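Visitor: I am new to this structure and would like to learn how to read its features. Could you guide me through them in order?

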Amino acid sequence: MDLRQLEYFAAVAAEGSFTAAAARVHTTQPNISAQIRTLERELGAALFDRSGRAVRLTDAGREALPAARRALAAADDVARTVAEVSGLVRGSLSVGMVEGCTIAPLFAALGTFRSTHPQIELSLRESPSTELIASVEDGRLDVALAGYGGGLPPGVESMTIIAERVVAAVPANDRAPGRSVDLALLRERSLICLPSGAGIRSVFDAAASEGSPIRPAIEASSPEAIIELVCSGLGVGILSESIAAADDRVVGVPIRDVDGTAHLGLLWGSRPSAAAARFVEVATDAFGATH
């Protein structure tokens, strides 16, 4: 017997039909039938009862099926192990990052990875966080540094780098808002926000959606740009607490109605390539965090 025959056997058992199983494994119905008969002759027992409209497992087939599935899984493990070794010898790594990214540990991780794995083709892409998350989910990106407000899609793993509240950034000499501010007051001010899809913006929009939508007066592509616009007197910025605190020209005022947390994290798929898995290890060291 060979692995192909076991694959056909498991497919027929799952589909209950030779025709459907043939479509599932991309072969013809006569071929899959012939291979199953060959397997049955080698085993000396019928694996399927073909007397009814549906194909059913015989007692021998039911006993053999778990072992066949284990054999197929073991073969997959062998192939995956070889692929992982090969993936660190040659291959590619696609990394995404938020637009206007200035996160130094990410660049340190990229530098370390390139120096230790110069044979891996490395590509970088800047996009809004929502696009980065979707690209990790569907495999177009191996790893991404992205912002997000709530849960992540199934199959996307994460290492949280920052998790903090959203604040209203005002000039340091502006005492009007007081110790905190609510959305009702912010609705009366010109707001400066990151583009839709950014983690900080998602948290703010989710809170604001409970009333009439709040449309920002200005959308800026980076937190640094928002701070400059705030300092120029063009409005109130919506930022994360640490970003506002990092510049003494502005003050971050808590927003009473916004309870969500803005996250910045490193994201990757649940079944990463060898190169992606290695980069996550390097990045974890660079950020000084564990996931």
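**Strands, helices and a pocket**

Guide: Let us begin with a pair of facing residues: Val167 stands opposite Leu239 in β9. This model is a predicted one.

Visitor: In which sense do β6 and β9 pair, and over how many bridges?

Guide: A pairing is read from its direction and from its bridges. β6 and β9 pair in the antiparallel sense, over four bridges. On the other hand, strand β7, residues 191-193, pairs with β9 in the parallel sense over two bridges. There, Leu191 is the residue opposite Val236 in β9.

Visitor: Why is β9 described as largely enclosed by the rest of the structure?

Guide: The idea is to compare each residue's relative accessible area with a cut-off: under 20% counts as buried. Five of the five residues of β9 (residues 236-240) are buried, so the strand is largely enclosed by the rest of the structure.

Visitor: How many residues of β5 are buried?

Guide: Six of the six residues of β5 are buried, and the strand is mostly covered. Val143, Leu145 and Gly147 point one way from β5, while Ala144, Ala146 and Tyr148 point the other way, and all of them are buried.

Visitor: Which strand pairs with β5 in the parallel sense, and which runs antiparallel to it?

Guide: Strand β3, residues 91-98, pairs with β5 in the parallel sense over three bridges, and Met97 stands opposite Leu145 in β5. The antiparallel partner is β11, joined to β5 by six bridges. Two facing pairs illustrate this: Val143 is opposite Trp268 in β11, and Leu145 is opposite Leu266 in β11.

Visitor: Over how many bridges do β6 and β11 pair?

Guide: They pair over nine bridges, in the antiparallel sense. Arg165 has Thr261 in β11 as its bridge partner. As for burial, seven of the nine residues of β11 are buried, and the strand is mostly covered.

Visitor: How far does helix α11 reach from its first C-alpha to its last?

Guide: A helix may be read by setting its reach against an expected span. Helix α11, residues 274-287, has 14 residues and reaches 20 Å, close to the 20 Å expected at 1.5 Å a residue. Its buried residues include Ala274, Phe279, Val282 and Phe287. Gly288 follows α11 and has a positive phi, near 65°.

Visitor: What does the UniProt record place at residues 1-58?

Guide: The record, an unreviewed entry, places the feature "domain: HTH lysR-type" there. In the model, this span is 60% helix and 7% strand, and its end C-alpha atoms lie 19 Å apart.

Visitor: Finally, which residues lie nearest the centre of the largest pocket?

Guide: A pocket is read from its volume and its lining. The largest pocket has a volume of about 570 Å³. It is lined by 30 residues, of which Val98, Ile200, Pro223, Ile243 and Leu264 lie nearest its centre. By class, the lining has 15 nonpolar, 12 polar and three charged residues. Among the elements that each supply at least two lining residues are β6 (156-171), α8 (199-208) and β11 (261-269).

Note on methods. Residues numbered from 1 in each chain as written. Predicted model: local features only at pLDDT ≥ 70, side-chain atom pairs only at ≥ 80, totals over all residues. Heavy atoms only, no water. 1 Å grid on protein atoms, 1.4 Å probe; cavity = no way out; pocket = protein on both sides within 12 Å on 5 of 7 lines; lining within 4 Å. Points joined across faces, edges and corners; volume = space filled by probe spheres on them. Nonpolar A, V, L, I, M, F, W, Y, C, P; charged D, E, K, R; others polar. UniProt positions renumbered as here; feature names shortened; annotations may be inferred. Expected span 1.5 Å × (residues − 1). Buried < 20%, exposed > 50% of the residue type's maximum accessible area, 1.4 Å probe, protein only. Pairing = 2+ DSSP bridges.
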